[in-house]
Amino acid sequence: MENKKIPWWQPRVEREDYEFIKQALDANFINEGPLAERLEKEIASFLDAKYAVATTSGTIAIFLSLKAVGIGYGDEVIVPDATFIATANAVELTGAKPILVDINPNTLTISVDAIKKAVTPKTKAIIPVHVTGRGADMEKIMEIAKKQNLFVIEDAAEALGSKHSAKGGSASGGKEKYLGTWGDTGCFSFAANKTLATGQGGMIVTNSDEIFNRLRPLKDQGRFVRGTGGDDAHNTIGYNFRLTDLQAAVGLGQFAHLKERLARMKRNYKLYAENLKDIKEIKIFPSTDEETPQWTDIITNKRDELEKYLREKNIDCRKYWHPIHRQPPYKLPDDNFPVSTELLPKSLWLPSAFTLTDEDVLRVCEEIKKFFL
Ligand SMILES: Cc1ncc(COP(=O)(O)O)c(C=O)c1O
């Protein structure tokens, strides 16, 4: 028992996944069809968004969102230095330039002051990233966007089911909304390490009729309505970024378990927060009641030693990304990114799968205590 492997994360295929896949196979329709549409409806209704548009990945959800609001060559898009590199790559794919900015040390999400300094006449959009389900400061970001006439494309790849309140929180009458529904669009990922995992997959949500009317043809060869595939009308340029019904089937089966998965992830975080609070060598980020930490993260000066120690105990963690400005395609001097340069090499995700039990999480806490005490 002591040596049971504790994964950092693992997806889980549910009984319902098999039933939905059988439905797709029995219907002999495995391209994007009724099941993808059903998944779109479920996600839109769950998040209280007007529209959801399924696509092939979170990266492409961001790319399509940027294209849908008309971003391309010559434009600048503000992106945090602490994110999975996909966020910047999606901007590159449109031909626009990602402008990296530093992060807030208390949340590891995009710094509002850094956004203000980075805006130029070429800036067209901001992409706040809700790192590990922690909301970027959406109220202030929306204010800046309104004042400067910028689009806001939320990278909510890690934030499905996480909510965020405007100042004062819901208790004091502030607005509480799901992350991904604050900006012009919200982009979700169904990659294997996310709460819903369809192999690859993504979803865009929006409340804008105009953006929705651009997204559909953009992901389907410029068609709004799919006909025979022969004499269809292709009124604009589009691509093939459709999710198949086979993938949607897996998403639908797991969607039936979304609430219990979110509850378990919150429980993982709570156990870590309670049990690690007295270890002064560790900083664990605060999480509001509305937020669901996709993965629980800590900061420690002994990050690499701790990760190695836990691995030897059969406990897997995940080191944070390198700051994007240190990756070869986006190389920039450290000077403009003091926070991400200092904090990301100290940041670690603890085992956070929704498949973990209390016993698993407590075993991780015990080993961390042994390491530090
Ligand atoms: C913050 C963030 N943005 C974007 C992505 C890209 O999503 P995908 O892998 O589905 O393309 C991911 C996850 O992989 C992510 O964690």
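**Note on the predicted model: ligand site, salt bridges and selected residues**

1. Asp75 is buried, since its relative accessible area is 11% and the limit for a buried residue is under 20%. The structure discussed here is a predicted model, and this residue opens the note because of its part in a salt bridge with Lys124, a pairing that joins Lys124 in strand β4 (residues 123–126) to a residue of the loop between α3 and β2 (76–80).

2. In that pair, the side chains of Lys124 and Asp75 come together at 3.2 Å, N to O. The two residues are 49 apart in sequence, so the bridge ties together separate parts of the chain. Lys124 counts as partly exposed because its relative accessibility is 32%, whereas Asp75 is buried.

3. How many salt bridges does the structure hold? The count is 32. Side chains of opposite charge can pair when their charged atoms come close. One of these bridges is formed by the side chains of Lys219 and Glu40, at 3.6 Å from N to O. This pair links distant parts of the chain, with Lys219 in helix α7 and Glu40 in helix α2 (residues 34–47), 179 residues apart.

4. Are Lys219 and Glu40 buried or exposed? Both of them are buried. These two residues also belong to a network of salt bridges, in which they are linked with Glu32, Asp220, Arg223, Arg226, Asp232 and Arg242.

5. A further salt bridge lies within a single helix. The side chains of Glu312 and Lys308 meet at 3.1 Å, N to O. Both residues lie in helix α10 (residues 303–312), and because they are four residues apart, about one helical turn separates them. Glu312 counts as exposed because its relative accessibility is 57%; Lys308, at 46%, counts as partly exposed.

6. The ligand is surrounded by 15 residues, and the closest are Thr59, Asp155, Glu158, Ser189 and Lys194. By type, this shell consists of five nonpolar, seven polar and three charged residues. Helices α3 (58–68) and α4 (86–94) each contribute at least two residues to the shell.

7. For Glu158, an N or O atom of the side chain is 2.5 Å from a ligand oxygen atom. For Ser189, a polar side-chain atom is 2.7 Å from an oxygen atom of the ligand. The ligand taken alone exposes 380 Å², of which the protein buries 92%.

8. Ser352 is found in the loop between β13 (347–349) and α12 (358–372). This residue is buried because its relative accessible area is 1%, and its side chain reaches the backbone oxygen of Leu350 at 2.6 Å.

9. Asp209 belongs to helix α7 (residues 209–219), the helix that also holds Lys219. Asp209 counts as partly exposed because its relative accessibility is 36%. Although Asp209 and Tyr51 are 158 residues apart in sequence, their C-alpha atoms are 8.3 Å apart in space.

Definitions and conventions: Residues numbered from 1 in each chain as written. Predicted model: local features only at pLDDT ≥ 70, side-chain atom pairs only at ≥ 80, totals over all residues. Heavy atoms only, no water. Near = heavy atom within 4 Å. Polar contact = N/O pair within 3.5 Å; in protein donor to acceptor, adjacent residues only side chain to side chain. Areas by Shrake-Rupley, 256 points an atom, 1.4 Å probe, with all protein chains shown as cover. Nonpolar A, V, L, I, M, F, W, Y, C, P; charged D, E, K, R; others polar. Buried < 20%, exposed > 50% of the residue type's maximum accessible area, 1.4 Å probe, protein only. Salt bridge = Lys/Arg side-chain N within 4 Å of Asp/Glu carboxyl O.
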